There are 2 protein chains.
Amino acid sequence: MPVNLPIPSANELQPVSGLQLGVTEAGVRKANRKDLTVLLLDEGATVGAVFTQNRFSAAPVQVCLEHLTSGAAIRAMVINTGNANAGTGVEGLSRARSVCDAMAARLGVTAQQVLPFSTGVIMEQLPADRVIAGLSAAIGDASANNWLRAAQAIMTTDTQPKAISRQVMLGGRSVTVTGMAKGAGMIRPNMATMLGFVATDASLDPGLVQPLCKSLADQSFNRVTVDGDTSTNDSFLLVATHQAGNPQITDLSSADGAALTAALLAVAQHLAHAMVRDGEGATKFISIRVEGGKSTVECLKVAYAIAHSPLVKTAFFASDPNLGRILAAVGYAGITDLDQGLIELHLDDVHVVTRGGRHPNYQEADGARVMAQAEITVRVGLGRGNCTDTVWTCDFSHDYVTINADYRS
Amino acid sequence: MPVNLPIPSANELQPVSGLQLGVTEAGVRKANRKDLTVLLLDEGATVGAVFTQNRFSAAPVQVCLEHLTSGAAIRAMVINTGNANAGTGVEGLSRARSVCDAMAARLGVTAQQVLPFSTGVIMEQLPADRVIAGLSAAIGDASANNWLRAAQAIMTTDTQPKAISRQVMLGGRSVTVTGMAKGAGMIRPNMATMLGFVATDASLDPGLVQPLCKSLADQSFNRVTVDGDTSTNDSFLLVATHQAGNPQITDLSSADGAALTAALLAVAQHLAHAMVRDGEGATKFISIRVEGGKSTVECLKVAYAIAHSPLVKTAFFASDPNLGRILAAVGYAGITDLDQGLIELHLDDVHVVTRGGRHPNYQEADGARVMAQAEITVRVGLGRGNCTDTVWTCDFSHDYVTINADYRS
C-alpha cells in the first residue's frame, strides 16, 4: 500500500501538444499485458536526458547516449517492460539497435532519431523480434490523451501508475507539463529501473532543455532512494515540444522561466516522491534534510548515510525513536573532520540532539509521537557551513524482504 | 541460529600467561547478568589497538585514544555491556574517565594505564557509579582461565560467545594466542559495537605490536560487514605479554614471526567470521573475493557494494541465483572507468558471467545449487590489474528486520 499516493485519473492528465503516446501487447515476457509503449514527437521537439551512472549501464542506455550525442532531432521513444536488456553484452547492443532501426523505418526517420528504453529482467537477451512486431500496433494506438495508459504500460512491479499534470499561464497562453514515471526503488527485484518522462509544450530556447533536465533531476529523481541500489537502466527524459504559443523563454530566471521551472519541478518531484511512496514494502515517507554543511556534497553524504542505513530504516518501520542510529550514520558518513559537538537533530518539530548529545528537554514520548506518523522529516544540523540538501526515502519493512526474496519464484 | 559456528568450550581456551580476566554483575542496565569484565595485564605487556572511524566515536573510544597516545604502559581494561556511552557529550567523557580513575586507584596504577570499553544503548548516560561499585568484585574474580566467562560477559545480543585459541611452537617454547569478540553486526540494534580482544604470551619486539594489530584488523575485523552500519564503539585490541620464553621475535617475516602472525590471523579471522556467522538473522556465510583490480581500494569498493546491496543479500536469503543484482552492484561501486566488457563472475565453481555477459554454458540450475549452500564464495574479476581483496558478509532475512524493528520493545 503506497504512502499517501493518489491514483491519477485519465482526465486530470493533460495532453502535451506535439506528443502522442501509444501502447500495445508485444508479449515480451508475459502474455495479456501491455508491455510496449511508444512516444511520438512532432518535428521541432527538443529532448534533454540524464541516465544512470552505473558502469553496467544497459544496452538501451548506451544506445540512447549514442543517439543523443549524434545531435539528431529525436522523434520517437520506444519503451518495453519485461526485459531490461542489461548484462547482455554486444548482442544486447545489437538488439537495441534493431528496435530503433525498425521504429525509424516505420516513421520514415533515421535510427538516431529513436531512443530505446527497457526495464525488466537482467542478463537475458531482449526478444527484439517481438518488440519489433508490436511497433505498428503501438504507433496505430498513438494519441495525445494516452498518458494514463502509457503510465500503466511502463509499470513493472509498481503497485500503481505514477503520472501528473500541471498547467501555468505564460504570456497569456496556457502551458502544460505532464509526466509519468515507473519504479519503486533505484532498482526493483530482478526487474530493474526507474524511468521518468516529463513533457511540456512550452516554447523555450532549445539550448535550455538539457541543463534544465539535469537541474530537475538533481532536485527530484537524483534525490530519492529506496535501497541504494542504482539501476543499470535509470533514465529521465525531458521533452519540450515548443507548441504552446507562449513567448519563447530565453532565460529561466525570468518570470515566465521561473514559472515554467516551478511547474516542471513540481511534476518531477511528484513523480520522484511517488516512487518512494510506492517503494518496496514502504510504510513511511521520510524527508532527510541536512543543513549547515560546507558543501552540497557533504550534506548529501550525510543524508544518504542516514537514508541507506538498514538500522535507521527498520527503526522507522518500527516507529521506534531509536535516534542513536541516526547519530551513528552521521558519524560514518565520511566527513573526516566532523565535530560531533556541533551536531543538532530534529525530528519534525522535536529537538532531539543538541551539541552532539541528547537535548535536555527531549522526551522519548515526543520522538515516539513523530515516529508514528506516515510522513516524517529528519533535520540534521552539521554546524560547518551554509549548504543544505534534502533526500527522500522510505522505511524498511518485512515486506521489502518478502518482495525481494520471493519475487522471481 | 549462527551459520556453522561451534560454541567454544572452556577447556579449549588456553590461558595467556600475564593476562587475567574477571567478571561480575554490576547491574548496568539489567539485574542478574554478568555485565562487567576486567582484563588485568602484568607489567611489561604491550598493547596495540584500532578503533572505529565513526566521527561520532563513543566516549570510551576517545578516552582509549588519549591513554594510548600518552604512551603509558597499559595495565587494565574495563568493559561494560548495557550502555555504550555514545552520543553522551562532555558528561559521557567525564564518566568514562571516572571509571578509569577508580580502576587505577584499586590497582595502584595511573588512570592513563586503564582502557575503558562500553557497549549497549546509545544516547543514555553511563551509570558510572554502578560500574565503579562492581570493579572490586571483578578484580577479585580475575583468573587466567576465565576466557569463556569473559566472552560470555561481553555479549549483548550475540546468540553465543565467540572465542578461540591457537598454540604454536616458537624456538622450542609453546606460545599461545587466545581471543574473544562480541558483535553481530558493525552495529547492533540499539546496542552498539563489535569488540575484539586477542592476546598472546609470545615475546616480540614491542614496536611490532601496533603495526601487527592494524595488519590483523585489515585482514579480519575490517573485512566483515553485516549491514554496513559502522558502530560508534568498535574496538580491536592486541595484547602481547611477552612471557612465553620464546626467543624474542624482531622480524615478522622470520620463520617464527610468520608462524606467530599466522596463528594471530587465524584467531582474528575466526572471531571476525564468528560475528558474521552470528549476524542478525544470518542464514548464509558469504565470502566475496574481488580479483583483477588496479588497487586494493577498488577491490574493496566492489566487494562492499555487493556485500551491502539489500537486493543481493535478499537474493542470498532466498537462494535465488538472481545474479544480475551482483552485476548491478559491481556497476555502481564507484569505479568510473570500469569496462563492463571485462567482468567475470563465478559463484563457487560455477562460471556465471564472462566478458560482462551471461556465460554460454551457465545454467540457472548450477547457480541455484550453489545458492542453496550455507557457505558461498562470490568471485568477481575486474580485468584491470593484479590486486585482490576479500570481504565476508551474511544474507539479509526476515529475522534481520524483526530483530532490528522489535529490539527495544
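## Strand pairing around β16 of chain B

Two strands pair if DSSP finds at least two bridges between them. In this predicted model, strand β9 (residues 224-225) of chain B runs parallel to strand β16 (residues 387-394) of chain B, and two bridges join them. Within β16(B), B:Thr393 is the residue opposite B:Thr225.

β16(B) also pairs with strand β11 (residues 285-293) of chain B, here in the antiparallel sense and over seven bridges. B:Ile288 has B:Val391 in β16(B) as its bridge partner.

## Packing of α8 and α9 in chain B

Helix α8 (residues 310-317) of chain B packs with helix α9 (residues 324-331) of chain B at an angle of about 155°, and their axes are 9 Å apart. Angles over 145 degrees count as roughly antiparallel, so α8(B) is roughly antiparallel to α9(B). The crossing of α8(B) past α9(B) is left-handed.

On the α8(B) side, B:Leu311, B:Val312 and B:Ala315 take part in the contact, where they meet B:Arg325, B:Ile326 and B:Ala329 of α9(B). By class, this contact of α8(B) with α9(B) has five nonpolar residues, one charged residue and no polar residues.

## Contact between chains B and A

Chain B has 47 residues in contact with 47 residues of chain A. Elements of chain B that give two or more residues to the side touching chain A are α8, α9, β14 (357-358) and α11 (398-406). The most come from α9(B), with six residues.

By class, the side of chain B that touches chain A has 19 nonpolar, 19 polar and nine charged residues.

Conventions
Residues are numbered from 1 along each chain as its sequence is written. Chains are lettered from A and ligands numbered from 1 in the order in which they are written. This is a predicted model: local features need pLDDT of at least 70, side-chain atom pairs count only at pLDDT 80 or more; totals for chains, interfaces and linings use all residues. Axes are lines fitted to C-alpha atoms, for helices over the stretch in contact, and angles run from 0 to 180 degrees between N-to-C directions. Helices (H or I, at least four residues) and strands (E, at least two) are DSSP runs, numbered from the N terminus. Angles under 35 degrees count as roughly parallel, over 145 as roughly antiparallel, 65 to 115 as roughly perpendicular and the rest as oblique. A crossing is left-handed if the near helix is turned anticlockwise from the far one by less than a right angle, and right-handed if clockwise. Two residues are in contact if their C-beta atoms, placed from the backbone, lie within 7 Å. Ala, Val, Leu, Ile, Met, Phe, Trp, Tyr, Cys and Pro count as nonpolar, Asp, Glu, Lys and Arg as charged, and the others, Gly among them, as polar.
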